[in-house]
Amino acid sequence: LSRRSLVHPEVRVVHDLGELEALLSREVKPVWISGGAEVYRELLPVCCELFLTCVAGRPAGDAFFPAFEDQFGEIGVVLEGEGFQVRHYHHRERLLS
């Protein structure tokens, strides 16, 4: 879901939620969502899993990931590096496939 056009052989870009829903109704494949904040806010309620990169400190910024803790439970850290962790969460009411 993007406002911009992107061409990559292994990436499919859609430009609105209706187009995304139509695509997902035809294909059963994992979908990766790479924000921004508005995209996350719109699509987080339909996600089964969440891989969230958490950086150390409090970097400056005016956009933040929406609240999710009441819907998702943490499975664990899947990647860790200097100053960051990637944490895996699952939706509390959806089964992982």
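**Entry 1: the strands**

I started with β2 and β3, which pair in the antiparallel sense over 8 bridges. My note on terms: strands pair if DSSP finds at least two bridges between them, and helices (H or I, at least four residues) and strands (E, at least two) are DSSP runs numbered from the N terminus. This is a predicted model, where local features need pLDDT of at least 70, side-chain atom pairs count only at pLDDT 80 or more, and totals for chains, interfaces and linings use all residues. Residues are numbered from 1 along each chain as its sequence is written, and side-chain values use heavy atoms, with hydrogens and water left out.

Next I looked at the hairpin of β2 and β3, which has 2 residues between the strands. There Gly83 takes a positive phi near 85 degrees. I also found Gly81 opposite Phe84 in β3.

Then I turned to β1, which is joined to β3 by 7 bridges and runs antiparallel to it. Thr53 stands opposite Val86 in β3.

**Entry 2: two faces of β1**

Which residues of β1 are on the covered face, and which on the uncovered one? I found Leu50, Leu52 and Cys54 on the covered face, and Glu49, Phe51, Thr53 and Val55 on the uncovered one. In a regular strand the side chains alternate between the two faces of the sheet.

**Entry 3: the cores**

I looked up the largest nonpolar core and listed its 8 residues: Leu44, Cys47, Leu50, Leu52, Cys54, Phe68, Phe72 and Tyr89. Strand β1 (residues 49-55) gives the largest share of this core, 3 residues. Such a core is a set of buried Ala, Val, Leu, Ile, Met, Phe, Trp, Tyr and Cys residues joined through side-chain atoms within 4.5 Å. Buried means under 20% relative accessible area, exposed means over 50%, and partly exposed is in between (1.4 Å probe, protein chains only).

Apart from this core lies another, of 5 residues, among them Val14, Leu20, Val39 and Leu43.

I also checked what Leu50 touches, with contact meaning heavy atoms within 4.5 Å. Not counting residues up to four places away in sequence, Leu50 touches Leu44, Phe65, Phe68, Phe72, Arg87, His88 and Tyr89.

**Entry 4: aromatic rings**

How many aromatic pairs does a search of the whole structure find? I noted 5. Rings of Phe, Tyr and Trp (its six-membered ring) pair if their centres lie within 6.5 Å; planes under 30 degrees apart count as stacked, over 60 as edge-to-face and the rest as tilted.

The pair of Tyr40 and Phe65 is tilted, because the ring centres are 4.8 Å apart and the planes are at 50 degrees. Tyr40 lies in helix α2 (residues 37-43) and Phe65 in the loop between β1 and β2 (72-81), so this pair ties together parts that are 25 residues apart in sequence. Tyr40 counts as partly exposed at 24% relative accessibility, and Phe65 is partly exposed with a relative accessible area of 27%.

Phe65 also pairs with Phe68: their ring centres are 5.7 Å apart and their planes at 80 degrees, so I wrote down edge-to-face. Phe68 is buried, with a relative accessible area of 5%. Ring pairs link Tyr40, Phe65, Phe68, Phe72 and Tyr89 into a cluster.

Is Gln85 buried or exposed? At 18% relative accessibility, Gln85 counts as buried. Gln85 is found in strand β3 (residues 84-91). Its side chain makes a polar contact with the side chain of Arg87 at 2.9 Å. A polar contact is a pair of N or O atoms within 3.5 Å; within protein, one must be able to donate a hydrogen and the other to accept it, and residues adjacent in sequence count only if both atoms are side-chain atoms. Beyond residues up to four places away in sequence, Gln85 touches Leu52, Thr53, Cys54, Val77, Leu79 and Glu80.

His91 lies in strand β3 too, and counts as buried at 6% relative accessibility. The side chain of His91 reaches the backbone nitrogen of Glu93 at 3.0 Å. Leaving aside neighbours within four places in sequence, His91 is in contact with Pro45, Cys47, Cys48, Gln71 and Phe72.

**Entry 5: the whole chain**

Last, I stepped back. I counted 2 helices and 3 strands, in the pattern α-α-β-β-β along the sequence. Buried residues make up 22% of the 97 residues in the chain.
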